[in-house]
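Here are my quick notes on the model you sent over. Have it open in a viewer as you read.

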Amino acid sequence: MCENMSLPAPPEDEATLLQRARGLAGFTLEALAQQIGLGMPASLKRDKGWVGMLLELHLGASAGSKAEQDFAHLGIELKTIPIDSAGRPLETTFVCVAPLTGNSGVTWETSHVRHKLARVLWIPVEGERTIPLAARRVGAPLLWSPSAEEEQMLRQDWEELMDMIVLGQVERISARHGAYLQIRPKAANSKALTRGIGADGRPVMTLPRGFYLKKSFTGPLLARHFLL
């Protein structure tokens, strides 16, 4: 794993974080892994979070897998996003785990989704399968907060999806629900069940779910900021 060559301390402010992120642009994943002595997986099939971890180590992130933001002291979340040669996102972006119980009184303002997306450092990474993992390059970073319009788009989807969860319709939620934000099962296997609310209001066991940003949201976001 990581031989822990001098890893940077957490950045003291936004400007330092952005400067570090800009310093990674143009490097291949292999070069960045070698710089800190981190072993490279053969593929991302079993190591989905590896690219994010590599960049976190270079940037001095502190949260690890905790529920708080990656740079909690700055209120900033790091999101790596695989893109194609035209700069378009190749997949949806995981935001956070969807709470399936204990949701009475939860509002958009106090939601985990809003908290996680309040300030995001987006780092695009080449993701086309034709490019070997080692040769994929890191792109220019973008520090983003949702505009009033973007927040309204997310809020609408979140409220629709949370209504379905509270009303015991979690099993009916599909990837088609939500124009920009979706809920999908998030489990390594079908045996990893969690407690949810059934249609009759009683507890049921169901797959854990996660909130994901659709490409219909991240695509225009990247295009606007990178003038694609």
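The points below go through a helix, a sheet and a hairpin.

1. First, the ground rules. This is a predicted model, with local features needing pLDDT of at least 70 and side-chain atom pairs counted only at pLDDT 80 or more, while totals for chains, interfaces and linings use all residues. Residues are numbered from 1 along each chain as its sequence is written, and side-chain values use heavy atoms, with hydrogens and water left out.

2. Helix H3 (residues 50-59) is largely enclosed by the rest of the structure, because 8 of its 10 residues are buried (under 20% relative accessible area, 1.4 Å probe, protein chains only). Among them are Trp 50, Glu 56 and His 58. Helices here are DSSP runs of H or I, at least four residues, and strands are E runs of at least two, numbered from the N terminus.

3. Those buried H3 residues pack against helices H1 (14-24) and H2 (29-35), plus strands S1 (77-83) and S3 (120-126); contact is heavy atoms within 4.5 Å. Just after H3, Gly 60 has a positive phi of about 85°.

4. Next, an open sheet of 3 strands, ordered S2-S8-S5 with antiparallel pairing (pairing takes at least two DSSP bridges between two strands). S2 (93-98) and S5 (181-185) are its edges, each pairing on one side only. S5 is joined to S8 (residues 209-213) by 5 bridges, with Gln 182 partnering Tyr 212 in S8.

5. Gly 196 sits opposite Val 204 in S7. There are 5 residues between the strands, and Gly 201 takes a positive phi near 85°.

How values were computed: Buried means under 20% relative accessible area, exposed over 50%, partly exposed in between (1.4 Å probe, protein chains only).
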